[in-house]
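Me: Hi! I've got a model open and would like to talk through its charged residues. Can you walk me through it?

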Amino acid sequence: MRDPLSKKIVEIEPSGIRKFFDMVSEMPDAISLGVGEPDFDTPWRIREEGIYSLERGRTFYTSNAGLKELKEEISRYLQRKIQVTYDPGSEIIVTVGGSEGIDIALRAMLDPGDEVLLPQPSYVSYLPCTILADGVPVVIPLKEEHEFKLTAEELEAAVTPKSKILVLPYPNNPTGAIMTREDLEPIAEVVKKHDLYVLSDEIYSELTYKDDHVSMASLPDMRDRTLVINGFSKGFAMTGWRLGYICAQSRIAEQMLKIHQFAIMCAPTNSQYAAVEGLRNCEDEVQEMRTAYNQRRRYLLHEFKRMGIRCFEPFGAFYVFPCIKEFGMTSEEFATRLLDEEKVAAVPGTAFGACGEGFLRVSYAYSLDDLKEAIGRLGRFVERLRA
């Protein structure tokens, strides 16, 4: 029989995050610090509105780009949060999670051979989505000494005549790094110099613990060069509702909408009604979650310092990225032994790119009780390795 499978698909590696998630799901008494999912329930106001929308029979398609009411709220929200205005009618598309936004943006913008500049360590979807869109991923390895921030010099060195899109994943998964306005300004100058576009994944923008989040789109002359991806999974604890959005100049949005129309039709209707309520009335709940995450962040940093494990201080998302190079193992070996011997799951840094070798992603989207138990087990493991 003829091989039914696409070579392009077969050659793409499965997610390194899910591997450890699947392993821990079959291990009694294991504690997972591996999955980037809030441990909070979706705020009750949001759930109630979702239930109410079902009770009212709001179970039909919305327009392809999304519920008009939701797009208007997104526009107002972004004006408040990042001081950038988008036309709800032509520049905002409601997607099935932020991940769909990544996919349709790359497919709408790339021709075969176009290069996508990918700072790593970073979220696992950027590279395979680039390949699926017939683009060429160009990895920019980020450095611990720069707190895993992209520098203008690193970007300049990676640009070629085929470069078209820079992925800017901040606040960052897996490192927790953020980019300030001072960090972004020289990046913007390189982008303009080489006539690039920026895919700015801001899904963790509600979860920053130092300064307010700054979007690349807010910098001078960068709005129309930047596509902003965000959503409700992380900041609003709505992972299972599968709802995100992407904002872009109308010429790009028009082409992304074609892909969304043919592949998706529209995002879930009751999720869209629920999200309207979240944007209007749940800032207090988001702040409460952010405060709790910050407490957990500080706890983990204190404990890693106490154990003598090097870890730069991250100010975004809900991850820390400790260095485990002293133990002479690969990240995969360390994570596997930690799971086997102490039943604690964390994700090897290499799941987010080769330059993640020697690091471990630890999520603090878990209760303090779970974190304390996991840290106790990790401490025992480290003591044995150093003995």
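Reply: Happy to! One term to begin with: a salt bridge here is a side-chain nitrogen of Lys or Arg within 4 Å of a carboxyl oxygen of Asp or Glu. Keep in mind that this is a predicted model.

Me: Thanks. How many salt bridges does that rule give?

Reply: The count comes to 27 salt bridges.

Me: And how far apart are N and O in the one between Arg380 and Glu342?

Reply: Those two side chains meet at 2.9 Å, N to O. Arg380 sits in helix H13 (residues 368-386) and Glu342 in helix H12 (residues 331-342), so the pair ties together parts that are 38 residues apart in sequence.

Me: Is Glu342 buried or exposed?

Reply: Glu342 is buried, because its relative accessible area is 8% and the cut-off for buried is under 20%. Arg380, at 42%, counts as partly exposed.

Me: Which residues are linked with them in a network?

Reply: The salt-bridge network is made up of Arg337, Glu341, Glu342, Arg380 and Arg384.

Me: Nice. Switching to Arg280, which residue does its side chain meet in a salt bridge?

Reply: That would be Glu73, at 2.8 Å from N to O. Arg280 belongs to helix H10 (residues 269-281) and Glu73 to helix H4, so this pair ties together parts 207 residues apart in sequence. Glu73 is buried at 7% relative accessibility, while Arg280 is partly exposed at 44%.

Me: What about Arg290, who's its partner?

Reply: Arg290 forms a salt bridge with Glu283, and their closest N and O atoms are 3.5 Å apart. Arg290 counts as buried at 13% relative accessibility, and Glu283 as partly exposed at 33%.

Me: Where's Ala65, by the way?

Reply: Ala65 is in the loop between helix H3 (44-55) and helix H4 (68-82). With 10% relative accessibility, Ala65 counts as buried.

Me: So what is Ala65 in contact with, leaving aside neighbours within four places in sequence?

Reply: Its contacts are Lys71, Ile92, Ile93, Val94 and Leu257.

Me: Last one: which residues form the negative surface patch?

Reply: Glu182, Glu185, Asp211 and Asp212 form it. Glu185, one of these, lies in helix H8 (residues 181-193) and is partly exposed at 38% relative accessibility.

Key
Residues numbered from 1 in each chain as written. Predicted model: local features only at pLDDT ≥ 70, side-chain atom pairs only at ≥ 80, totals over all residues. Heavy atoms only, no water. Patch = residues over 30% accessible without salt bridge, like charges linked within 9 Å, V, L, I, M, F, W, Y side chains within 5 Å. Areas by Shrake-Rupley, 256 points an atom, 1.4 Å probe, with all protein chains shown as cover. Lys, Arg positive; Asp, Glu negative; His and termini not counted. Charge placed at Lys NZ, Arg CZ, Asp CG, Glu CD. Helix = DSSP H or I, 4+ residues; strand = E, 2+ residues; numbered from the N terminus. Buried < 20%, exposed > 50% of the residue type's maximum accessible area, 1.4 Å probe, protein only. Contact = heavy atoms within 4.5 Å.
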